[in-house]
Amino acid sequence: MISIEGVRLERGGRTVLSGLDLTLAERRIGVVGANGSGKSSFARLVNGLLLPSAGRVTVDGLDTRREAKAVRRKVGFLFQNPDNQIVYPTVGEDLAFGLKGRGLAKPEIAERVAATLNRFGLEGFGDRLVHELSGGERQLVALAGVMILEPEWLVLDEPTTLLDRRNARAIMAAVAAMPQNVLLVTHDLTLLADFDRVLVFEAGRLATDAAPAAAIDAYLRIAG
Amino acid sequence: MIAGLYRAGDSPLHRTGAGTKLLALVLFGTLLLSVASPIVAAGGLLLVLGLYLAAGFGARIFLAQLRPVALVLVLLALAQLWLSTPSEALLLVLRFAALVLAAGLVTLTTRTADLVASLERRLSPLARLGLDVGKISLAVSLAIRFIPAVGQIAAEVREAQIARGRRPSPVSLVVPLIVRLLKMADEIAEAIDARS
């Protein structure tokens, strides 16, 4: 469970988020809002990439300020642009990156990389150069790089924005099949129809917190 | 060296350890710089060409390694012709080409992870002096990973300037390129934090 208590976030002398008090426990939570509404900053608060200026954020009781490393083991994060998330030249090496950081032995790393490639339909991609892949394939590799670490929560920050419809569907199909809790930041309202809860941000505040239909109506009224 | 990037294969060169190949590269470079004969340097270049063939790489990959440095080679040759003799110019070009190609061959036949692991092992004694070996090896892997990305961003900036009716020049490319690279660096740092 993610708990956000009395959170205010300031960046560069500007208040980006304020008045946040909520608990997240549902399996599928959507986050929508206009550009600059604070939704991406909210996502970054959840796994400790950003720390609150006031209040606190905890994940299963772990404070993002004091136990950032433990929090990040629980909360995986997929960025909008896979190019900036993939740090090794080949797919297999990149999938191994996070596992090495956790001190796993080579045979176990190789086994988990192979299993993850298989799980994401990336068989035969282990030695492929990342910069030669399509945008959709790269986003899938970035997602696989997060999921190989087996987080309990997955935060996705507009993961389909740079993709065509086919690749966006492939990414969302992979996400839908995951047992993990998901927090999805998106502009694509059609992705949220089956979600349990949708948060609507406006000008740094949580404007609506409701089931998808009601939240999307509220967002469309705000967005105009 | 960076222009290479690993190409999967099962040749003896692919199977040779990263440390051995790096050591051989250092020795080859030292020998090449210590000889003053264009004929010997040409022999070195032929040796490298033979190794490309042995590793299963054809002319396309061989020439792709030289393309990024072709202009530098031409400028060096012209400078040497002007300042020195044709024989000196030939020696310099042969040495430089052989070295670039040999270094390219190392990256073409070695996974970045293996290069980085080899580097980590060799630098590990320096950890006792406070050197963060992990950070150095991560920096090396990032450099190798993002060279193509930097090239792509430069091409995008160039295209954007042409589309807006500007004739791109090295000077007009530098500022937007640096701005985008700095933004990218921030995002990569954030992603590494998120995956750590």
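How many of the 196 residues of chain B count as buried, as a percentage? The figure is 22%, where buried asks for 20 or more other C-beta atoms within 10 Å of a residue's own, exposed for 12 or fewer, and partly exposed lies in between, with C-beta atoms placed from the backbone.

1. **Ground rules.** This is a predicted model, in which local features need pLDDT of at least 70 and side-chain atom pairs count only at pLDDT 80 or more, while totals for chains, interfaces and linings use all residues. Residues are numbered from 1 along each chain as its sequence is written, and chains are lettered from A and ligands numbered from 1 in the order in which they are written.

2. **Chain B as a whole.** You will find 9 helices and 0 strands here, with helices (H or I, at least four residues) and strands (E, at least two) taken as DSSP runs numbered from the N terminus. Along the sequence the pattern of chain B reads α-α-α-α-α-α-α-α-α. Taken along the principal axes, its C-alpha atoms fill a box of roughly 50 × 50 × 35 Å. Among contacts in chain B with a separation of 6 or more, 71% join residues 24 or more positions apart; a contact means C-beta atoms, placed from the backbone, within 7 Å.

3. **What the record says about chain B.** An unreviewed UniProt entry carries the annotation "transmembrane region" for residues 22-54, 66-83 and 89-108 of chain B. UniProt positions are in the numbering used here, feature names are shortened, and annotations may be inferred rather than shown by experiment. In the model, residues 22-54 of chain B are 91% helix and 0% strand, with end C-alpha atoms 18 Å apart. Residues 89-108 of chain B are 100% helix and 0% strand, and their end C-alpha atoms lie 28 Å apart.

4. **A helix pair in chain B.** Have a look at helix 3 (residues 38-54) and helix 6 (residues 86-109) of chain B, whose axes come within 9 Å and cross at roughly 25°. Axes are lines fitted to C-alpha atoms, for helices over the stretch in contact, and angles run from 0 to 180 degrees between N-to-C directions. Helix 3 of chain B passes helix 6 of chain B in a left-handed crossing: the near helix is turned anticlockwise from the far one by less than a right angle, whereas clockwise would be right-handed. Residues that meet here include Ala41(B), Gly44(B) and Val48(B) from helix 3 of chain B, and Leu94(B), Ala98(B) and Leu101(B) from helix 6 of chain B.

5. **Where the chains meet.** Chain B has 22 residues in contact with 22 residues of chain A. On the side of chain B that touches chain A, helix 7 (112-123), helix 8 (133-163) and helix 9 (170-195) of chain B each give two or more residues. Helix 9 of chain B gives the most, with 9 residues.

6. In chain A, 6 strands form an open sheet with mixed pairing in the order 6-7-8-3-9-10; strands pair if DSSP finds at least two bridges between them. Strand 6 and strand 10 (205-210) of chain A are the edges, each with a single partner strand, so one side of each has no neighbour in the sheet. Strand 6 (residues 75-78) of chain A is covered on both faces, with Val75(A) and Phe77(A) buried on one side and Gly76(A) and Leu78(A) buried on the other. Its parallel pairing with strand 7 (residues 153-157) of chain A runs over 4 bridges, and Phe77(A) has Val155(A) as its bridge partner.

7. **The antiparallel sheet of chain A.** Another open sheet has 4 strands in the order 2-1-4-5, with antiparallel pairing. Strand 2 (14-24) and strand 5 (62-63) of chain A are its edge strands. Strand 1 (residues 2-11) and strand 4 (residues 54-59) of chain A are joined by 5 bridges, with Ser3(A) partnered by Thr58(A). Helix 1 (residues 39-46) of chain A packs on the sheet, touching strand 1, strand 2 and strand 4 of chain A.

Conventions. Contact = placed C-beta atoms within 7 Å.
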